[in-house]
Amino acid sequence: MAEKIIAYRFDHLDQTLSQLDQENCAIIAGGTDVMVLHKSRRGVPPKIPKPIVFIDHLSELKRVYHNGKDLHIGACCTYSELLEEPLIPVALKKAIKTIAAPAIRNRGTLGGNICNASPAGDTLPLLYVYNAKLLLRSVSGERIIAISDFIQGVRRVQRDPNEILAEIILPNVLEEGAHVVFEKVGNRNADAIAKVGFAGYIRINGAVIDDVRFAFGAVGPTMVRSLDIEKKLLGKTIPLADADIAQVVAAFDKIIKPIDDQRSTAVYRKTVALNLLRYFFSTKQYQPN
Ligand SMILES: Cc1cc2nc3c(=O)[nH]c(=O)nc-3n(C[C@H](O)[C@H](O)[C@H](O)COP(=O)(O)OP(=O)(O)OC[C@H]3O[C@@H](n4cnc5c(N)ncnc54)[C@H](O)[C@@H]3O)c2cc1C
């Protein structure tokens, strides 16, 4: 007989936060990572070693809205809901379309992808180049933290047990002159975990680079991003000189340190990551008219 577990499903966020403050519970949004993580073998129900609290239905965690130039995305919006949402940037929709198959997209949430902190989480490279901030709520109030500080390692995040990730904030998402690119390389175009993920952001003024950001996924324990490398490109004009591109590629070559695993090899991952970077620089839409 299946073991009984305690499960909570409150109507409102504040009741959920009170429960989390009183008892150490496992949070379940879509459950698409949690259920796999706690599965032992086929046909055996997953064993979750704590009481569980469902949050996927909470309307407070499902709003998408602009606050000035910032876009706020409720952590419990499912991928399918985000694909239908006009405010979601095209690049994020492109990333979402590569995730799993529709059944998982109907359950899986953006907040779950972040809190699961897998190096292969497909939305993460993009959220890093958007400089995403996370709004966490608890009975004590709320705090905002940069995604790069929140994610500390493979499945390690800086979240107190009584906190819920409520919103993902994409600052200045409407900024003029900004272009965002997402690329994922897997065994096929969707329904495959990434071998390499890449996101690039560039903001140009005339032909001058005002801002540029890159993040690589699945090539290290967390997303690989380097503010130092990015800084060196500011003020340069596009199209970049071959020597500048070679310098950036060489700098990332030093800090991208992938591993061999069941999905790919370190050599393949490194080669593809650097090729995606070169491809980003060659993308015609960034060239001045
Ligand atoms: C068949 C299959 C295919 C998949 N394919 C892909 C893929 O191609 N790309 C990809 O990136 N992922 C993939 N995944 C992984 C998964 O679907 C995503 O990571 C998804 O975004 C997880 O969201 P969720 O709501 O289901 O998270 P859950 O499983 O509910 O939670 C994941 C973790 O985050 C915590 N959590 C969730 N929401 C919150 C919150 N708001 N506040 C605090 N903690 C929270 C949970 O406690 C748990 O630790 C796949 C999974 C499966 C089963």
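This is a predicted model: local features need pLDDT of at least 70, side-chain atom pairs count only at pLDDT 80 or more; totals for chains, interfaces and linings use all residues.
The pairing to which it belongs joins strand E12, covering residues 196–205, to E13 through nine bridges, with the two strands running antiparallel.

Widening the view, one finds that E12 and E13 belong to an open sheet of three strands, arranged in the order E11-E12-E13 with antiparallel pairing. Strand E11 (178–185) and strand E13 (208–217) each have a single partner strand and stand at the edges, so one side of each is left without a neighbour in the sheet. From one strand to the next, the twist averages 10°. Against this sheet packs helix H11, made of residues 266–282, which touches E11, E12 and E13 and whose direction makes about 20° with that of E12.

When the whole structure is searched, one cavity of 30 Å³ or more is found, and the largest cavity holds about 30 Å³ of space.

Which residues line the largest cavity? They are Pro-119, Ala-120, Gly-121, Asp-122, Pro-125, Ala-194, Gly-197, Gly-217 and Ala-218. Sorted by class, this lining comprises five nonpolar residues, three polar ones and one charged residue. Domain 1 (7–170) and domain 2 (178–286) each contribute at least three residues to the lining of the largest cavity.

Conventions
Residues are numbered from 1 along each chain as its sequence is written. Side-chain values use heavy atoms; hydrogens and water are left out. Two strands pair if DSSP finds at least two bridges between them. Helices (H or I, at least four residues) and strands (E, at least two) are DSSP runs, numbered from the N terminus. Axes are lines fitted to C-alpha atoms, for helices over the stretch in contact, and angles run from 0 to 180 degrees between N-to-C directions. Contact means heavy atoms within 4.5 Å. On a 1 Å grid over the protein atoms alone, a cavity is a set of points where a 1.4 Å probe fits but cannot get out, and a pocket is an open set with protein on both sides within 12 Å along at least five of seven lines; lining residues have an atom within 4 Å of a point. Grid points are joined across faces, edges and corners, and a volume is the space filled by probe spheres set on the points. Ala, Val, Leu, Ile, Met, Phe, Trp, Tyr, Cys and Pro count as nonpolar, Asp, Glu, Lys and Arg as charged, and the others, Gly among them, as polar. Domain bounds come from an automatic or database domain assignment.
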